[in-house]
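Dear colleague,

Please find the structure below, handed over for your records. My notes on what was found in it follow directly after.

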Amino acid sequence: MLSGIPLFPEQASTMAPAVDNLYFFIVAVTAFFALLVVILVGYFAIKYRDDTGLRVGAPITGSIPLEIGWSLVPFFVAMAIFVWATVVFFQIVRPPDQTLDIYATGKRWMWRFQHIDGHREINQLHVPVNRPIKITFTSEDVLHDLYFPAFRVKADAIPGRYSSVWFTATKTGEYHLFCAEYCGTKHSGMIGTVYVMEQDAYQEWLAGGGLTGSMSARGEQLFQQLACNTCHLGDGTGRGPSLAGLFGTQVELQNGQTVLADESYLRESILNPQNRIVAGYQPLMPTFQGLVNEDGLMSLIEYVKSLPADRAAAAGAAPPAPSGGE
Amino acid sequence: MTTVAESPVNYLNAKHTVASWLLTKDHKRIGLLYLALVTLAFAIGAVYAAGIRLELTTPEGDLVSADTYNRLFTMHGVMMVFFVLIPAVPAILGNFVLPLMLGAKDVAFPKINLLSWYVFLVGMVITLGAMVTGGVDTGWTFYPPFSTQGSGSNVMLAGVGVFITGFSSILTGLNFMVTIHRMRAPGLTWFRLPLFVWALYATSLIQILGTPVVAITVLMIALERGLGLGFFDPRLGGDPVLFQHLFWFYSHPAVYIMILPPMGVISEVIACFSRKNVFGYSFVAFSSLAIAIFGFLVWAHHLFVAGISPYSAMVFSFLTYAVAIPSAVKTFNWTATLYRGAIWMKSPMIWVFGFIGLFLIGGLTGLFTAALGVDVHIHDTYFVVAHFHYIMVGGAIMGYFAGLHYWWPKITGRMYHDGLAKLAALLVFIGFNMTFFPQFILGYMGMPRRYHMYPPEWQVLNIMSTGGATVLAVGYILPGIYFMWSLYRGERAGANPWLATGLEWKTQSPPIPENFPVTPIVTEGAYEYSKREIKVA
């Protein structure tokens with residue numbers, strides 16, 4: 001055990017080297033300033049030592065150039081770190097356009113993952129290597145935080161809204177996943193394992209049983225059960241806007257603002273439809289709060305995402321321009 | 001060295017009854033009343049810490065249950081933050097020394113001063129009550145919705161305790177601010193004030209402006225938990241992130257309540273034992289104010305992964321780097337103060353060297369947590385735990401001990417064993433680094449904080465940490481022993497054992513109840529060592 005004490009986390013995503021390089025830069029900068037001060041303090045303490053306690057120091061009161069110098073130099077060094085760190089941060093929070101989407105829910109004390117094809121896992125996550133993965137997640141109760149140390153990403157799971165993390169794993173293997181936001185008794189038991197697999201192994205895993213139908217198929221069922229389809233007609237002639245091709249577009253609202261039709265907006269439009277009404281539509285839609293659970297919401301969203309724009313075009317009615325769910 | 005005629009009557013022996021202590025309006029006695037409560041709180045908090053470290057020697061959760069562990073770290077945090085770190089330097093040392101430094105008879109409002117001690121006492125009793133009747137397990141940060149509907153522990157009572165204690169802090173801040181404005185001796189202009197006074201002034205500003213916000217926030221938690229008013233729980237229409245904004249709007253500046261007064265102590269001690277002016281006096285003074293003001297603008301750096309917009313994260317990261325500059329300026333000025341000094345290595349100076357070493361690491365590791373791209377990884381890990389302990393324990397507590405050793409002869413009239421005091425400083429420094437340095441490494445590897453169990457590959461570093469905590473404990477117990485010993489056997493200190501320049505050293509030790517026989521008149525700055533010929537008494 002002593003020989004193999006790990007002192008540094010594995011670099012298993014494209015982001016890990018980016019974060020670590022920045023980290024090493026800050027280590028170097030801070031070590032320099034720490035050593036500078038420690039050496040000066042030590043040197044002065046020895047050189048100017050007076051064990052009698054009776055002598056007095058030189059009549060020095062200060063120096064404006066020095067004050068300006070040691071204010072500006074740290075400031076510029078800090079700004080260099082700030083700019084670099086902000087660039088890395090925007091890479092962390094901005095997923096690329098094409099991602100393999102996975103949904104997750106945190107609840108005390110487990111993580112539940114849903115794959116688009118219908119696979120579900122608890123405290124385990126299987127992902128392919130070298131493919132950008134985006135996990136959209138929320139919490140069913142208190143705050144949690146989905147954390148992958150080997151990928152250097154985390155985000156809080158907040159009840160009532162969606163968060164997301166994305167990563168491209170670069171090394172196959174098994175890695176920790178943690179809950180990083182304190183959530184009560186078994187907080188430290190709310191952990192699991194990510195399995196990063198080669199493409200073919202991942203395909204094999206996908207093919208292995210346990211399927212209950214894809215998320216979008218479940219979403220379509222719900223879409224009909226909840227009678228969403230009576231208003232949201234595909235050709236745009238319904239009382240609600242057509243949802244075809246909606247996802248990822250900018251939606252014009254009644255109040256003149258526009259909003260990006262992402263997961264969070266779709267979620268809000270199902271649970272609090274009156275919040276942001278699409279331009280040209282009446283606020284008729286009732287809330288579905290309590291009628292559909294978190295998994296159902298995610299399936300509905302996945303269904304909406306699966307609706308191609310050209311379906312509406314094929315129906316020949318709805319304009320290709322963006323429209324949105326109430 | 002002193003020409004003060006010693007009066008046989010001092011503030012300690014003037015009256016002897018218990019009532020004379022519990023009803024005292026003397027700032028010096030009130031300082032000692034705080035010393036008693038804060039020392040008790042420190043001991044209780046340390047016992048909780050011992051429980052945490054013992055549990056973490058093994059990866060399994062085997063010593064205590066998960067619920068007990070969660071209570072241990074919560075109560076450790078609550079005790080140490082609200083009952084030790086915030087009051088330690090201002091309420092104990094500030095109370096004792098501030099009027100003496102100003103050449104005043106007392107603070108501006110002596111009765112309010114006593115009132116704030118009683119408010120503190122009531123808050124502490126209620127909080128301890130919450131702890132013995134089941135404890136509280138929300139973390140000292142009380143994040144909802146866990147604190148409002150998830151936790152089955154004694155959140156209400158602990159919240160009430162913290163709420164009440166806040167008023168003690170507000171009243172002390174108010175009192176000090178008025179005292180500094182109104183009670184300065186003739187000739188004691190603002191730029192002749194000791195830097196400790198500047199630090200207390202800046203601290204008072206935060207106490208007055210920040211504490212009401214956390215009081216309201218804790219009240220909102222109580223209203224949501226007790227009456228179901230939906231401020232923070234999304235199921236009641238609330239927003240859990242709103243709580244984090246409100247909480248950190250106070251609790252980040254609160255870090256400066258903890259660290260600014262010890263910074264002031266460092267300036268005093270370093271000037272005295274270098275026999276020099278503090279280098280760049282006005283820069284050190286104004287950096288305290290700059291920290292107090294900028295400190296209010298950085299709270300959301302605790303929320304970088306809590307779902308705030310990346311653009312606001314960017315702004316808060318920038319402001320956090322801005323607030324780091326005044327701290328750097330102070331550190332450089334202290335270093336420069338040593339240059340061409342006549343450095344007398346008495347024990348308070350050793351504690352100061354310890355402070356500089358630990359505060360350096362604490363401050364510089366703040367550059368990691370403020371860096372957005374790195375913070376995503378280290379947020380809520382042991383890296384953060386190590387970082388803030390370096391500031392709050394390595395910085396604030398080390399500075400508190402430096403001040404306690406510096407003013408102990410003034411407070412008690414007795415000298416303690418200087419060699420033992422140096423040994424204690426050394427043990428604390430070594431023990432502290434052994435305890436907390438491994439936690440930086442654990443944190444970067446991804447060990448989340450508040451974990452009762454952890455993966456087995458991290459055991460070695462955790463054992464190192466627990467071993468260090470043992471050394472640290474010895475370092476903290478030692479002063480208790482030699483300070484007690486000094487009360488009975490210590491050499492008489494005389495008015496000015498360190499041959500220091502401050503007004504507090506111009507009256508006898510322990511001072512008379514009215515502090516000075518005649519109000520002193522000030523004709524020069526606080527640290528005019530080099531102008532003065534120091535003679536042996």
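In chain A, of the contacts (heavy atoms within 4.5 Å) between residues at least 6 apart in sequence, 68% join residues at least 24 apart.

Please note that this is a predicted model, in which local features need pLDDT of at least 70 and side-chain atom pairs count only at pLDDT 80 or more, while totals for chains, interfaces and linings use all residues. Residues are numbered from 1 along each chain as its sequence is written, chains are lettered from A and ligands numbered from 1 in the order in which they are written, and side-chain values use heavy atoms, with hydrogens and water left out.

Chain A overall

Chain A contains seven helices and 12 strands; helices (H or I, at least four residues) and strands (E, at least two) are DSSP runs, numbered from the N terminus. Its radius of gyration, taken over C-alpha atoms, is 27 Å, well over the 20 Å that the globule rule (2.2 Å times the number of residues to the power 0.38) gives for 326 residues, so chain A is more spread out than a compact globule. The C-alpha trace of chain A spans about 95 × 55 × 35 Å along its principal axes. Of the 326 residues in chain A, 50% count as buried, that is, under 20% relative accessible area with a 1.4 Å probe and protein chains only.

A helix pair in chain A

Helix H5 (residues 263-271) and helix H6 (residues 294-306) of chain A pack at an angle of about 120°, and their axes are 10 Å apart. Here the axes are lines fitted to C-alpha atoms over the stretch in contact, and angles run from 0 to 180 degrees between N-to-C directions. On the H5(A) side, the residues that meet H6(A) are A:Glu263, A:Leu266, A:Arg267, A:Ile270 and A:Leu271; their partners in H6(A) include A:Leu297, A:Ile301 and A:Lys305.

Helix H13 of chain B

Helix H13 (residues 382-412) of chain B bends by about 40° at B:Tyr406, with a proline, B:Pro409, following within four residues. The bend is the angle between axes fitted to the seven residues ending at a residue and the seven starting there. Of the 31 residues of H13(B), 30 are buried. B:Thr412, found in this helix, counts as buried at 13% relative accessibility. Leaving aside neighbours within four places in sequence, B:Thr412 is in contact with B:Leu12, B:Leu487 and B:Pro510. The C-alpha atoms of B:Thr412 and B:Ser509 are separated by 6.8 Å, although these residues are 97 apart along the chain. After H13(B) comes B:Gly413, with a positive phi near 80°.

With kind regards
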